[in-house]
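I opened this entry to keep a record of what I looked up, one topic at a time. The sequence and the model come first, and my notes follow.

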Amino acid sequence: MRVGILGSGLMGGKLGTIFARAGHDVVFSYARSRTKLEHLARDAGPNARAGAPDEAAREADALLLAVHWSRIADVLKQAGGLSGKVVVTCSLPMNAGNTGLVIAHTSSGAEELARMIPQARVVCAFNTVPSEVLFGVYEARRKAGRPSLVYCGGDKGAKAVSAELIRDAGFDPVDAGPLQVARYTEPFALLVAQLAYEGEGGPELAYRFDRFRK
């Protein structure tokens, strides 16, 4: 696929690198400097390049939105029209101090994003996984016992595209249902982040779900 990365910080940079190494054509965009984008593209390999948000969006089969909530409006403006685009968001609706969610309980950041870009096909994924574990999961992707990763959305085709990207990143995709489920996954992601950085067992809790079989 052609994958545009809107937001090339820790999460966007690592997932974009993984997608490029998995064989997708990746455009990194929206970082603090063009130099950083070029370094990311070089490290990701021949399938990646640096570009502006509108370039990342123009020919993309899927877009990864990975920016701080305070920058959502700006990156969407720079990306231009996203009608019909699959937008996979891992952005949490955090306040400026990153101390809490500004949208929760009766809605979610993913749902608010879908209202901001009503013609796009929004799926929520990857935000329950700390970026520190991504390369390790990808490198172990051919081993037995792939870790699970939940995703949610309202568009069947967009969810199929997202599931493919999740598998390519080394996870077993678990369809959690409609986009409203993000109301539960986003607070869970905040809990996981606190455990990952202040407690013990956070990264494993973030992505590992054991299934009970008959």
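This is a predicted model: local features need pLDDT of at least 70, side-chain atom pairs count only at pLDDT 80 or more; totals for chains, interfaces and linings use all residues.

**Salt bridges**

I began with the charged side chains and found nine salt bridges in the structure, a salt bridge being a side-chain nitrogen of Lys or Arg within 4 Å of a carboxyl oxygen of Asp or Glu. Residues are numbered from 1 along each chain as its sequence is written, and side-chain values use heavy atoms, with hydrogens and water left out.

I looked up Glu38, which forms a salt bridge with Arg34, their closest N and O atoms being 3.3 Å apart. Glu38 and Arg34 are separated by about one helical turn because they stand four residues apart in helix α2 (residues 34–44); helices here are DSSP runs (H or I, at least four residues), as strands are (E, at least two), and both are numbered from the N terminus. For burial I used the relative accessible area, where buried means under 20%, exposed over 50% and partly exposed in between, with a 1.4 Å probe and protein chains only. On that scale Glu38 is partly exposed at 39%, and Arg34 is partly exposed at 45%.

I then turned to Arg58 and Asp54, whose side chains meet in a salt bridge at 3.4 Å, N to O. Both residues lie in helix α3 (residues 53–58), four residues apart, which is about one turn of the helix, and Asp54 is partly exposed at 33%.

In helix α5 (residues 109–116) I checked Glu112 and Arg115, which are three residues apart, about one turn of the helix. Glu112 forms a salt bridge with Arg115, with 3.3 Å between the closest N and O atoms, and Glu112 is partly exposed at 27% relative accessibility. I also noted that Arg2, Glu59 and Asp61 are joined into one network by salt bridges that share partners.

**The largest pocket**

Next I asked how much space lies in the largest pocket, and the figure is about 1100 Å³. I wrote down the terms: on a 1 Å grid over the protein atoms alone, a pocket is an open set of points where a 1.4 Å probe fits, with protein on both sides within 12 Å along at least five of seven lines, and lining residues have an atom within 4 Å of a point. The volume is the space filled by probe spheres set on the points, which are joined across faces, edges and corners.

The lining of this pocket has 34 residues, and Leu10, Met11, Val67, His68 and Asn98 lie nearest its centre. Helices α1 (10–21) and α8 (182–198) each supply at least two residues of the lining, and α8 gives the most, with eight residues. By class I recorded 18 nonpolar, 11 polar and five charged residues in the lining, with Ala, Val, Leu, Ile, Met, Phe, Trp, Tyr, Cys and Pro counted as nonpolar, Asp, Glu, Lys and Arg as charged, and the others, Gly among them, as polar.

**Loops and backbone**

Asn98 sits in the loop between β5 (86–89) and α5, where it has a positive phi of about 55° although it is not a glycine. Asn98 is partly exposed at 47%.

Ser131 is found in the loop between β6 and α6 and is buried at 6%. Leaving aside neighbours within four places in sequence, Ser131 is in contact (heavy atoms within 4.5 Å) with Leu10, Met11 and Lys14.

Ser8 has its place in the loop between β1 (2–6) and α1 and is buried at 1%. The side chain of Ser8 reaches the backbone oxygen of Ser29 at 2.8 Å. Not counting residues up to four places away in sequence, Ser8 touches several residues, among them Gly13, Phe28, Tyr30 and Leu40.

Last, I looked at Glu198 in helix α8, which is exposed at 65%.

Technical notes. A polar contact is a pair of N or O atoms within 3.5 Å; within protein, one must be able to donate a hydrogen and the other to accept it, and residues adjacent in sequence count only if both atoms are side-chain atoms.
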